[in-house]
Amino acid sequence: MLERHLYLIGMPGSGKSSLGRKVANNLRLPFLDLDRRIQEILNGTVTEIFERYGEDAFRTAETNMLIQLMGTTPSIISTGGGIAMNPLNRELMKASGAIILVDRPLEQILSDIKLDRRPLLAEKGLPEVERLYNERIDTYRATADLTIVNGGDYFSGVDVLQKLITDHFAV
Ligand code: S3P
């Protein structure tokens, strides 16, 4: 059991969803992929949502999801890479949980990120990933209560995140 939500923040391609899902499964904790939930509710992929309603609507949906999560069963929650850039979102996450940064070195993100499902990155490609990383990394670090460096493969990332969660949060 968790006492509050654990929000995973960080860059696209940092491993928030894949590591979060696996660690939650290993520890028998509830898991929620916030982007996936928004896609279910708005009935489309992130790319389609951006095309149909625009990025602002997607950002509003992210904030609404965080509000709806207040008071629900504490879970491991993977978030979209942009969520921590909004001060209100940061407040909402801090008020209802702890924030864990999944910090993957830029070189590794660049070497294995999948761009096709990410509308902000699909067109502009890897230079945009690098630009976003440089723009966001200080905010991510200042927002996080705890950080893991996901600098290796999937299995070592799972180990590091699982240890951090069992060390710091009663499960
Ligand atoms: C975004 C990241 C995406 C998704 C949307 C916007 C961003 O999530 O929320 O495309 O602004 O960085 P991932 O971090 O899971 O790619």
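Reply: Setting aside residues up to four places away in sequence, His5 touches Leu69, Thr72, Thr73, Pro74, Ser75, Ile77, Ser96, Gly97 and Ala98, where contact means heavy atoms within 4.5 Å. This is a predicted model, in which local features need pLDDT of at least 70 and side-chain atom pairs count only at pLDDT 80 or more, while totals for chains, interfaces and linings use all residues. Residues are numbered from 1 along each chain as its sequence is written, and side-chain values use heavy atoms, with hydrogens and water left out.

His5 sits in strand S1; helices (H or I, at least four residues) and strands (E, at least two) are DSSP runs, numbered from the N terminus. His5 counts as buried because its relative accessibility is 2%; buried means under 20% relative accessible area, exposed over 50%, and partly exposed in between, with a 1.4 Å probe and protein chains only. The side chains of His5 and Thr72 make a polar contact at 3.3 Å. Such a contact is a pair of N or O atoms within 3.5 Å; within protein, one must be able to donate a hydrogen and the other to accept it, and residues adjacent in sequence count only if both atoms are side-chain atoms.

Thr73 belongs to the loop between helix H4 (55-69) and S3. Not counting residues up to four places away in sequence, Thr73 touches His5 and Pro30. The C-alpha atoms of Thr73 and Glu3 are 8.8 Å apart, although 70 residues separate the two along the chain.

Strand S1 (5-9) also leads us to helix H9: the buried residues of H9 pack against S1, helix H1 (16-27), strand S3 (76-78), strand S4 (97-103) and strand S5 (146-149). Those buried residues are Gly157, Val158, Leu161, Leu164 and Ile165. They cover an arc of only 135° around the axis, so they lie on the same side of H9; the arc is that of the directions from the helix axis to the C-beta atoms. On the face turned away from the buried side, H9 carries the exposed residues Phe155, Asp159 and Lys163.

Finally, the ligand. An oxygen atom of the ligand is 2.5 Å from an N or O atom in the side chain of Lys16. A polar side-chain atom of Asp35 lies 2.8 Å from a ligand oxygen.
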